[in-house]
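Student: I'd like to learn how to read a structure like this one. Can you walk me through it?

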Amino acid sequence: MAKLARLGYAWAVLALAGSVSEAWGQPGPEAVALYNAACAESLAGEGDRAAASLLKAVKAGFHDFSHMRRDPDLRDLRTHPVYRAILG
């Protein structure tokens, strides 16, 4: 019975989180796609578009801030006010 109760709890957590990735603290596919768009836009020299996509990625659940700081794809974005506001 205890095993069944734990299983019920796990399903409840997943239902509240909305997905397995969110339940384990990982960004969902929309957040990752937005982050990848920010990287591509930054590499293309589209700083404002990249910043907007990065902000959307954060709002969608992409919170790997240490990765953002190290990601060479975002190098040109590091002086942008939105990037600085996100990463302090």
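Student: Is Asn36 buried, exposed or partly exposed?

Tutor: Buried means under 20% relative accessible area, exposed over 50%, and partly exposed in between (1.4 Å probe, protein chains only). Asn36 has 45% relative accessibility, so it counts as partly exposed. Keep in mind that this is a predicted model, where local features need pLDDT of at least 70, side-chain atom pairs count only at pLDDT 80 or more, and totals for chains, interfaces and linings use all residues. Residues are numbered from 1 along each chain as its sequence is written, and side-chain values use heavy atoms, leaving out hydrogens and water.

Student: Where does Asn36 sit?

Tutor: In helix H3; helices are DSSP runs of H or I, at least four residues, numbered from the N terminus. Asn36 is 8.8 Å from Ala57, C-alpha to C-alpha, though they're 21 residues apart in sequence.

Student: Which residues in H3 and H4 meet?

Tutor: Contact means heavy atoms within 4.5 Å. On the H3 side, Leu34, Tyr35 and Glu41 are among them, and the H4 side includes Arg49, Leu54 and Ala57.

Student: Which side chains meet in a salt bridge?

Tutor: Side chains of opposite charge can pair when their charged atoms come close. The cut-off is a side-chain nitrogen of Lys or Arg within 4 Å of a carboxyl oxygen of Asp or Glu. Here, Glu41 and Arg49 pair up at 3.9 Å, N to O, and the structure holds 1 salt bridge. Glu41 is buried, with a relative accessible area of 14%, whereas Arg49 is exposed, at 52%.

Note on methods: Helix = DSSP H or I, 4+ residues; strand = E, 2+ residues; numbered from the N terminus.
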